[in-house]
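Let's take a friendly walk through this model together. Please have a look at the sequence and the structure first.

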Amino acid sequence: MTRESMDRLFNPRGVAVIGASTNPAKIGYRIVENMVKSGYAGQIYPINPKKGEIFGHSMHASLADVDGPVDIAVLSVPADHVLDAAAECGAKGVAHLVVVTSGFSEIGNLEGEKELVALAHAHGMRVLGPNIFGIYSASSRLDATFGPGGILPGHVAIITQSGALGIAMIGKTASESLGLSALISVGNKSDLDEADLLTYLADDPETRVVLLYIEGVRNGERLVRTLRSVTRGKHVVVIKSGRSARGAMAAASHTGSLAGADDVFDDIMRQCGVLRAESVQEAFDWVRFLSSAPLPSGEDAVIVTNGGGIGVLATDACEKYGVRLYDNQPVLASTFASVMPEFGSSKNPVDLTGQATGEDYARSLDAVFGRSDMHAGIALYCETALFDTQQFEAFLRSVYERYRVTKPIVFALFGGERIETMIRELRTEGVPVFGDVYEAISVLGALYRSWRRLKESDVEEGPPISVPVAEIRRVLQRAGKEGRGFLLAHEAAEVALALGLCMPRAILATNLDEAVRAAETIGYPVVMKVVSKDIVHKSDAGGVALNLENQSEVVDAYQAIVRSCLRHKPDAVIEGIEVVEMVRAGVETIVGARQDASFGPVAMFGLGGIYVEVMKDVSFRAAPVSGREAREMIGSIRSYPLLLGVRGEKRKDIGAAADAIIRLGRLVAECREISDIEINPLVVYDYGEGVKAVDVRILFHTQGGDAA
Ligand code: COA
């Protein structure tokens, strides 16, 4: 879609309201009222067959009667009138239908919604909605919503899937004096979705922060692509409902079953540089701060406090939210020597003690901000009897005014009624002041995370890794011809080797002699595994023997495997027995990649072994995954210290594990017919000694059929 076309949605020359009504109880009345009261810069055309007048505008009986250009038609007529109204809009040359009406896919009326979009597209129109509360755009002073009105212009754009919450947010933004550049209700997302709007807002000079409220992701691949690029230039905050386990996806592999939909969402948002807030309040605090605070020039923050206890609390909060504290003790001592009482502490937190005055705070913060190596300030204050609260409020205001455009600063104040009132007043003025250290440091942490993303380089280190797609497809096609949607172990190994993964040495034996010769070629100890399309769960069928140390153990195991497999499944066709190198111990990890229902190709990494299901110590990223992202995935699991080497062990070969993630991610991104690939375990050895893919499973969609 062209920018010009989207611009007509945010800066329309004329807006028609089809279903405008003189009845104040109707949505069509409220929309016209908000448009008039918000001072919309273009032409307003209320449409109602009964004609009449509304807020000084004469109603038109039909859109055909309108003379000027109409870029947006807001449809507020019952669902069974929507198609006719849309056809009228098409004839008039409208660019965007903003369909408020409910009664489409949200209640199962998929056909009606499809017809609406088809009709719109046939006339070159785009559809916002249906089932929405409308759109607000500060640049044209257009409030075409049926919300409570009173939206303040500003720098935060909100895109919301939830109608009720979105309308409630209007009231909240007004009461918190949070200015908006845009507010868009996307409802059923039949046509325009978050990605379209984000693309436009990314280049909107008035928008500094985008807040997304998402309930479900559709076309996640496009959303990921868009978010990845938007967060290079703007802060993006997301609130998503559905953290609970109910959203977990059913799937045939670990990669699937470990992928609680919400965990995948969480990790992918992090990958995209999007900040995910836990609650609406947290999101509001973040966007408010992000829209007004300057970007830091470095990582080191200084805490100034009049109480040791809250200083420690703030230190904990800094650790939780990833805010680094300035740590050069001699510099701290010399910087604060002249501004603090003798019994204070110049360590960071800088403790001015309970006797501190407003002036002491001012001098300390001036000292912090006077240094180019101290990058952000956190001022904490506990109410004391000695303190003149009014003087403190005045100081706080003046410090904020002095530094608001140069360095990030947050305040947390504790106390009784006077402090509560002060917080309320200062917040209305836009000062980042909070009643809790965690809230204050959470906003600073959000700024730091987003800032790190903004300055991240897109340039990928090293040559790109390519995968031999044609060769791998040949293996899949062979198996597909046999009607299978999964690969046998030796086929999966073929794919893994083609991918460049290091596998244990393996030889397929079709009789006892071959098995013995294979074991001798590989070297003892060996593992033996049955190869049969009819036996999927080999261990359950007695089809695996481990740690075979000599010829006689190989002979016994061969016979035992054949016997127990045939007992397990008498008609099983046994293609042979695979003799495999017994892999030496290392850190067992799991690496997988799959086609996710929401996000498309997704890669997974985690701690492997038998407790994988219990520990669920895994991380996800949308694929393909870059080298940096693969290392971040590895670094984000709880068991990461195992790979760094514990109790005097050597550091493990993290680079080789990252390489396996990249290869699997690239494979599922390029071969969409592979629904799941999983290596469990991928044994990771000491640094420089690589990894070994012990067991590889691959599920795929045969042409026109489903994976097994
Ligand atoms: N062109 C212009 N006006 C038309 C029309 C047409 N083709 N057909 C009907 N109208 C007029 C009606 O006569 C009425 O005007 P009146 O008050 O002067 O009689 C007006 O449009 C509205 O139609 P009405 O039948 O009274 O519907 P309504 O206002 O009760 O409900 C909706 C319409 C769209 C609000 C309702 O169907 C709906 O979907 N409500 C839910 C909206 C919602 O919650 N959206 C999601 C928010 S997050």
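## Helix packing

At what angle do helix H14 and helix H15 pack, and how far apart are their axes? Helix H14 (residues 389-403) and helix H15 (residues 417-428) pack at about 25°, with axes 11 Å apart. H14 and H15 are therefore roughly parallel to each other, a label given to angles under 35 degrees, while over 145 counts as roughly antiparallel, 65 to 115 as roughly perpendicular and the rest as oblique. The crossing in which H14 passes H15 is right-handed, that is, the near helix is turned clockwise from the far one by less than a right angle.

A second pair is formed by helix H5 (residues 163-175) and helix H10 (residues 280-292), which pack at about 50° with axes 12 Å apart. That angle makes H5 oblique to H10, and H5 passes H10 in a right-handed crossing. The axes are lines fitted to C-alpha atoms, for helices over the stretch in contact, and the angles run from 0 to 180 degrees between N-to-C directions. Helices (H or I, at least four residues) and strands (E, at least two) are DSSP runs numbered from the N terminus.

## How to read the model

This is a predicted model, in which local features need pLDDT of at least 70, side-chain atom pairs count only at pLDDT 80 or more, and totals for chains, interfaces and linings use all residues. Residues are numbered from 1 along each chain as its sequence is written, and side-chain values use heavy atoms, with hydrogens and water left out.

## Around the ligand

Of the 21 residues around the ligand (a heavy atom within 4 Å), those that come nearest are Ser 21, Lys 26, Asn 48, Lys 50 and Ser 102. The shell has ten nonpolar, nine polar and two charged residues; here Gly counts as polar.

A side-chain N or O atom of Lys 26 is 2.6 Å from an oxygen atom of the ligand, and for the side chain of Asn 48 the distance is 2.9 Å. Ser 102 uses a backbone N or O atom, 2.8 Å from a ligand oxygen atom. The protein covers 73% of the 960 Å² of accessible area that the ligand has on its own, by the Shrake-Rupley method with a 1.4 Å probe.

## Backbone details in loops

Gly 129 and Pro 130 are joined by a cis peptide bond with omega of about 0°, and Pro 130 sits in the loop between strand E7 (126-128) and strand E8 (134-137). Another cis peptide bond joins Tyr 524 and Pro 525, with omega of about -5°.

Key. A polar contact is a pair of N or O atoms within 3.5 Å; within protein, one must be able to donate a hydrogen and the other to accept it, and residues adjacent in sequence count only if both atoms are side-chain atoms.
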